[in-house]
Amino acid sequence: FVDIVFEDFGATLGASLSELLTRIRSSATRLQGILDGVYSIRRATFVPVRAGSVALGEVVRDAYIRTRDNYRGVACELVTPPDLPRVVADAEKLELVFSALLDNAFKFRQKSQPLRIDISYQALGAKAHSLVIEDNSLGFEPRFQEAVFEPFRRLNPPGDYPGAGIGLTVARTCIEEHGGEARVESTLGEGLRVYLSFRDLDA
């Protein structure tokens, strides 16, 4: 409704009223981000795990395409192994993991250089898997390596970046439901490395 008011009456609004309407629109946008975050946490936490054969490469590719479409015009190079395996997992929850991690990389990219995301894989036995997702984003100070997993914990003022601060929370929750763990390493200005390990689910 605020957008309609600006479109129809923008030329006649005074500076004071325009500022108030802008604040309303900004608050509504932040609230929508929080609601989206709550929904993502609900999907990660309360939706039962459904095991099935999942092509890991397809999950990564689909998550990347959807994320890239949300950041049109942003230069990015994604490097993945050509032979990512099939795993026994919940496809929807793995999609939440990679969508969250890729969205963070795009959102917190360094504007001075093209974004680069490298994904590496290692088998940890017949039914266990390890992935490292590394990017050249802004990163953060090492003392925040656990704090970033707290739901709705933001390291930046709300107006600086969109979202509710739940991406890494969702990723860790989904990986833990696969009997695994997620951790991060980062240095401010030097990118982010996310370490994921998980086991095949019982089909």
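Figure 1. Axes are lines fitted to C-alpha atoms, for helices over the stretch in contact, and angles run from 0 to 180 degrees between N-to-C directions. Helices (H or I, at least four residues) and strands (E, at least two) are DSSP runs numbered from the N terminus. The model is predicted: local features need pLDDT of at least 70 and side-chain atom pairs count only at pLDDT 80 or more, whereas totals for chains, interfaces and linings use all residues. Residues are numbered from 1 along each chain as its sequence is written, and side-chain values use heavy atoms, with hydrogens and water left out.

**Figure 2. The open five-stranded sheet.** The strand order is β2-β4-β5-β7-β6, with mixed pairing; two strands pair if DSSP finds at least two bridges between them. β2 (76–79) and β6 stand at the edges with a single partner strand each, so one side of each has no neighbour in the sheet. On average, neighbouring strands are turned by 15° against each other, direction ignored.

**Figure 3. Strand β7 and its partners.** Strand β5 (residues 128–135) pairs with β7 in the antiparallel sense over eight bridges, and Val132 stands opposite Tyr195 in β7. Strand β6 (residues 181–186) runs antiparallel to β7 and is joined to it by six bridges, with Arg193 of β7 as the bridge partner of Glu185. β6 and β7 form a hairpin with five residues between them, and Gly189 in the turn has a positive phi of about 85°. Six of the eight residues of β7 (residues 192–199) are buried, so the strand is largely enclosed by the rest of the structure. Buried means under 20% relative accessible area, exposed over 50%, and partly exposed in between (1.4 Å probe, protein chains only).

**Figure 4. Packing of α4 against α5.** Helix α4 (residues 91–107) and α5 pack at an angle of about 150°, with their axes 8 Å apart. The two helices are therefore roughly antiparallel (over 145 degrees). Residues in the contact include Leu94, Val97 and Leu101 of α4 and Leu168, Ala171 and Cys174 of α5. Eight of the 10 residues of α5 (residues 167–176) are buried, so this helix is largely enclosed by the rest of the structure; Cys174 is among the buried residues, with a relative accessible area of 0%.

Terms used
Parallel < 35°, antiparallel > 145°, perpendicular 65-115°, else oblique. Contact = heavy atoms within 4.5 Å.
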